[in-house]
Amino acid sequence: GGGGSGDVAGYIVVERRGAGAHVCELAVREASWGRGWGRALLQAGLELLEGTSPRPLFVSLRVDPERSPEARQLYESAGFVLDSRQPDYYGPGRDALYMLRDPGEV
């Protein structure tokens, strides 16, 4: 706590899956929202996958009225497009949006 150099503002987890890749998690601590950390982390994750040519790259995004629009906008700005809605993906009544990106087209 307290703003020391050991504090973590956020993190990203990306994973290769066969011929594709998945953005498993992207999280930014609430105190750091609005500072560009999400965009920087997503860019870093995509750069880690660069050269490995994963197709497609996908993300599952929790449907949350307060946070989904901003998260979806972030992914859309990186070339992701809405693919489908997955009912109960995160548990009963907690749907997910699947978004896809072809690295060769961005």
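A search of the whole structure finds two salt bridges, a salt bridge being a side-chain nitrogen of Lys or Arg within 4 Å of a carboxyl oxygen of Asp or Glu. The structure is a predicted model, in which local features need pLDDT of at least 70 and side-chain atom pairs count only at pLDDT 80 or more, while totals for chains, interfaces and linings use all residues. Residues are numbered from 1 along each chain as its sequence is written, and side-chain values use heavy atoms, with hydrogens and water left out.

Let me take the two pairs in turn. Helices here are DSSP runs of H or I with at least four residues, strands are runs of E with at least two, and both are numbered from the N terminus. In general, an α-helix has 3.6 residues a turn, so residues three or four places apart point the same way. Arg 72 counts as partly exposed because its relative accessibility is 28%, and Glu 76 is likewise partly exposed, at 38%. The cut-offs are under 20% relative accessible area for buried, over 50% for exposed, and partly exposed in between, with a 1.4 Å probe and protein chains only.

The other salt bridge is formed by the side chains of Asp 95 and Arg 85, again at 3.0 Å from N to O. This pair links distant parts of the chain: Arg 85 lies in strand S4 (81-86), and Asp 95, 10 residues apart from it, sits in the loop between S4 and strand S5 (96-101).

I turn now to the fold. The protein chain has two helices and five strands, which run β-β-α-β-α-β-β from the N terminus on. Of its 106 residues, 29% are buried.

Which residues are central to the packing, in the sense of touching the most other members of the largest nonpolar core? A nonpolar core is a set of buried Ala, Val, Leu, Ile, Met, Phe, Trp, Tyr and Cys residues joined through side-chain atoms within 4.5 Å. The largest has 17 residues, and those touching the most other members are Val 23, Leu 42, Leu 57, Val 59, Tyr 75, Phe 80 and Met 99. At least two residues of this core come from each of S2, helix H1 (37-49), strand S3 (57-62), H2 and S5. H1 supplies the largest share, four residues.

Beyond residues up to four places away in sequence, Met 99 touches, among others, Arg 72, Tyr 75, Glu 76 and Phe 80; contact means heavy atoms within 4.5 Å.

Finally, helix H1. The buried residues of H1 are Gly 38, Leu 41, Leu 42, Gly 45, Leu 46 and Leu 49. They lie on the same side of H1, because they cover an arc of only 135 degrees around the axis, taken from the directions from the helix axis to the C-beta atoms. These buried residues pack against strand S1 (10-17), S2, S3, H2 and S5.
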